[in-house]
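User: I would like to go through the labels used for this model and see what each one rests on. Please set the values against the cut-offs.

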Amino acid sequence: MNATSAETSFEQLGGFLRACRARVGPEEVGLPVFGRKRRVAGLRREEVAQLAGVSVDYYVRLEQGRGQHVSDAVLDAIGRALRLDPTEYAHMWDLARPTRVSVRRPAPSTARPGVQTLLDRIDAPAFVLGRCMDVLAWNALADALMGLGAMAPHARNMARHAFLAPDAHTFYPEWEQVAADTVGYLRLDAARHPGDPRMAALVEELSAGNPRFRPLWDAHQVAEKTHGTKRLRPAGGDPVDITYETLSLPGDPDLLLVVYTTGPRAEPVRAGADAAVGRI
């Protein structure tokens, strides 16, 4: 790992701590709230330091991106003080320990043939996500639903589609939530692979291409999307709800298998996909 990667991670740690501190009110951690209006949102730095049992100067240095030698015990204490959930807690550790995550081997840019065979046998829209939310492989039902085969390779990326595609707000009727979830996952990916030039380039591209991206990125919220629901509007169709499951592929931990399963309200997705496959 080079010095630049470490500095970037620690600077991100500082931004993450500031954002988390702003989201926690004093009443949530048992601190008294007096009548006068507080000048800062959330907790003050000295309040976090008090709750974590460290000096104010030490905590300030962490928020300034000077946390190269922070101990495990201090990280644990700060995580408790800021009431981090499990995803936020793991994210904090990835940022504070870039040497721990930077040794992982680069993810392949394509899925192995056996994965494509698996996709083709799944009776639902399914695709494989790689680093930076690139779509590396998909089955016919996913292609019919999302038009992946017609996209240029550079555009075949879930983040680019959400923020740069002309039809994004139509395809995602609940675009605000999709956008927040997308940026939250990108934040996790960036921390797991510090100094990745492809991620840095993607962030700059999205920042320049859509003014809604940067405020979400600067909020430092994180989201691990292992499963959930999503509303989509297939081309020429009505909005439908789908559920999805996300699984890591054995042997390729940076590749994720995403499967869109159907429910009673999602049958039009399957029907539309089946019809499109029939025309291929």
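Analyst: Two terms come first. Buried means under 20% relative accessible area, exposed means over 50%, and partly exposed lies in between, with a 1.4 Å probe and protein chains only. Helices (H or I, at least four residues) and strands (E, at least two) are DSSP runs, numbered from the N terminus. In helix α4, residues 72–81, the buried positions are V74, L75, A77, I78, G79 and A81. Just after α4, R83 has a positive phi of about 55 degrees.

User: What kind of model is this, and how are residues numbered?

Analyst: The model is predicted: local features need pLDDT of at least 70, side-chain atom pairs count only at pLDDT 80 or more, and totals for chains, interfaces and linings use all residues. Residues are numbered from 1 along each chain as its sequence is written, and side-chain values use heavy atoms, with hydrogens and water left out.

User: What does the protein chain come to in helices and strands, and how much of it counts as buried?

Analyst: The protein chain has 14 helices and 5 strands. Of its 280 residues, 49% count as buried. Its accessible surface is about 14,100 Å², and carbon and sulfur atoms hold 54% of that; such areas come from the Shrake-Rupley method with a 1.4 Å probe, and for residues only the protein chains shown count as cover.

User: Why is R21 called buried?

Analyst: R21 has a relative accessible area of 8%, and the limit is under 20%, so R21 is buried. R21 sits in helix α1, residues 3–22. Leaving out residues up to four places away in sequence, R21 touches A41, G42, L43, R44, R45, V48, Y59, E63 and L82. Contact here means heavy atoms within 4.5 Å.

User: Why does D181 count as buried?

Analyst: D181 has 18% relative accessible area. That value is under 20%, so the label buried applies to D181. D181 is in helix α11 and touches A223 and K225, not counting residues up to four places away in sequence.

User: What makes A235 and P211 exposed?

Analyst: The cut-off for exposed is over 50%. A235 has 83% and P211 has 68%, so both are exposed. A235 is in the loop between β3 and β4, and P211 is in the loop between α12 (197–209) and α13 (213–218). For P211 and F163, 48 residues apart along the chain, the C-alpha separation is 9.2 Å.

User: How many disulfides does a search of the whole structure find?

Analyst: The search finds 0 disulfides. A disulfide is a covalent bond between the sulfur atoms of two cysteines. The criterion is a pair of cysteine sulfur atoms within 2.5 Å. As for burial, C20 is at 3% relative accessible area and C132 is at 2%, so both fall under the 20% limit and count as buried.

User: What makes a set of residues a nonpolar core, and which residues have the most contacts inside the largest one?

Analyst: A nonpolar core is a set of buried Ala, Val, Leu, Ile, Met, Phe, Trp, Tyr and Cys residues joined through side-chain atoms within 4.5 Å. The largest has 38 residues, and F127, M158, L186 and Y260 have the most contacts inside it. Helix α11, residues 175–192, gives the most to this core, with 7 residues. A second, separate core of 26 residues includes V48, Y59, L84 and W93. M158 touches F127, L129, M133, V135, M146, Y172 and Y260, again without residues up to four places away in sequence.

User: How do you know that β3 and β4 pair?

Analyst: Two strands pair if DSSP finds at least two bridges between them. β3 and β4 (residues 240–249) have 6 bridges, in the antiparallel sense, so they meet the criterion. In the hairpin of β1 and β2, with 5 residues between the strands, C132 takes a positive phi near 65 degrees.

User: What is the strand order of the open sheet, and which strands are at its edges?

Analyst: The order is β2-β1-β5-β4-β3, with antiparallel pairing. The edge strands are β2 (135–138) and β3 (227–232), each of which pairs on one side only.
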